[in-house]
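Have a look at the model first, then read on.

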Amino acid sequence: MPRTSFHNALIVTMDAGRRVLTHHVLIINEGRITKIQPAAEWKASPGEEIVDLKGRYILPGLVNSHVHTVQHLGRGLSDDVDILTWLHKRIWPYESNLTPEESYTCTMLCGLEQIQNGVTSMADAGIHHAEPTVRAIGELGLRATLCFSIMDEGDGLPKVWQLTPAQLIRKQEAAYREFHGALDGRIEWWLGLRTLMNNSDQLVKRTIASAEKLNTWVHMHVAEAYEEKLMIQKSRGTTTVRHLEKLGLLSPKLLAVHCVYLDQEEMDLFHKRGVKVSHNPAAALRVMGLPPIVELQRSGVTVSIGTDGAPSNCRNSLIDEMFLAALVQKGRLRDPKVMPATDVLAMVTINAAKCMGWEKEVGSLEVGKRADLCIINPNTPNMQPVHDVISNLVFSMKSDNIESTICGGKWLMREKKFPHLDAEKILATAAKQAEAVRKRAKIKLPKRFNWT
Ligand SMILES: [Zn+2]
């Protein structure tokens, strides 16, 4: 890959000084950012590719801190239902019936959508088939942290998932040995805990020991639903967060997702233990409730944004999630000053990188970091005029404004085209396989409107 220089762009670095650079050239080489210099000082090197961006914006590649790649063929399978119906009647039957090849297609479809939204890194909360998922991430060219979906108890758990804590830990440690650091470091293997509603204390304790031994992270849905609050009060006699603290799970390497039902003492506990949080506004609004994100940030907790899986969001656009994240908190607190655009943009870049432990490598445009970036064309009716770039990026930008996505110096999407992927083939395969899984899983959807 030749040295490439990007010219005539506005560079939104998201570095510690939050510098926005005009009249600068950004240079990448061998997958890393090697120089960001005033345009007047730039000299071309032999063989250098010169890209004239004609007034476009360069942003760090976006970081999606919570996805379920495996759910992508389930988009639309569970709309307008409560969370327990969502899990027991729709998503568990769907996920437990997926074949390895369908898992591969799920990841390809999900990745395609992420790339279209400027995403270069994502944290997956629970796959079922490791090899096809890693293969797909390899073909997509993205970075990801992966873990299995891990559950060992609870009503209606499909037979195929009924394993003991010891078996589940063995399975995860084997995958760690095989895939951690794969694809030249683009894959990290984490440990999964799906939710305390479906995880025994024994499993949580073994997970803590294994994560310490492997020095890896844990990805878990925490205090996500009101039903969980009632269930945990009944089974453990306390709240989810207090119980996890008692078990010893709260640590700087825990990525806690949703966190809708937290009180101030629990938020302080998160801060004290260094727990990271992924906020998924669309999914929260659909089936869970409104999380206290502003209060979490005021308590000193690092919060990022994720899309969650396709059946709980349906649009999987981190761009849409930025817009929602800001609006929901402003409305919830009836205070337009909370969640300003500057904070929201950090939640999908540098703070999201911190939530994955990747802040030294990605999340901002700085010399030495990976060449992960997205290029935005602001010259569309929805983004013009531009009085305040940062505001427009959060409140006006749509997915369609993302023109190119680059990960590790490789163009994953270039001017809306995918140089390495056959998007039409992925879409056709996904449509066919999605119907096959739905039938195999015997998922019945209510008929809407009168069909003839
Ligand atoms: Zn999730």
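1. Start with the zinc ion: its donor residues are spaced H-x1-H-x152-H-x86-D in sequence. They are His66 (NE2), His68 (NE2), His221 (NE2) and Asp308 (OD), at 2.1 to 2.5 Å. Donors here are N, O and S atoms within 2.8 Å of the metal (3.2 Å for Na, K and Ca), and with water not among the atoms, sites may look incomplete. Histidine 68, in the loop between strand 6 and helix 1 (83-96), and histidine 221, in strand 11 (residues 218-222), are 153 residues apart, so this pair links distant parts of the chain.

2. A word on the source: this is a predicted model, where local features need pLDDT of at least 70 and side-chain atom pairs count only at pLDDT 80 or more, while totals for chains, interfaces and linings use all residues. Residues are numbered from 1 along each chain as its sequence is written, and side-chain values use heavy atoms, leaving out hydrogens and water.

3. Next, the sheet. Four strands form an open sheet in the order 6-7-8-9, with parallel pairing (strands pair if DSSP finds at least two bridges between them; strands are DSSP runs of E, at least two residues, and helices runs of H or I, at least four, numbered from the N terminus). Strand 6 (62-67) and strand 9 (187-189) are at the edges with a single partner strand each, so one side of each has no neighbour in the sheet.

4. Strand 8 (residues 143-146) and strand 9 run parallel, joined by three bridges. Threonine 145 has glutamate 188 in strand 9 as its bridge partner.
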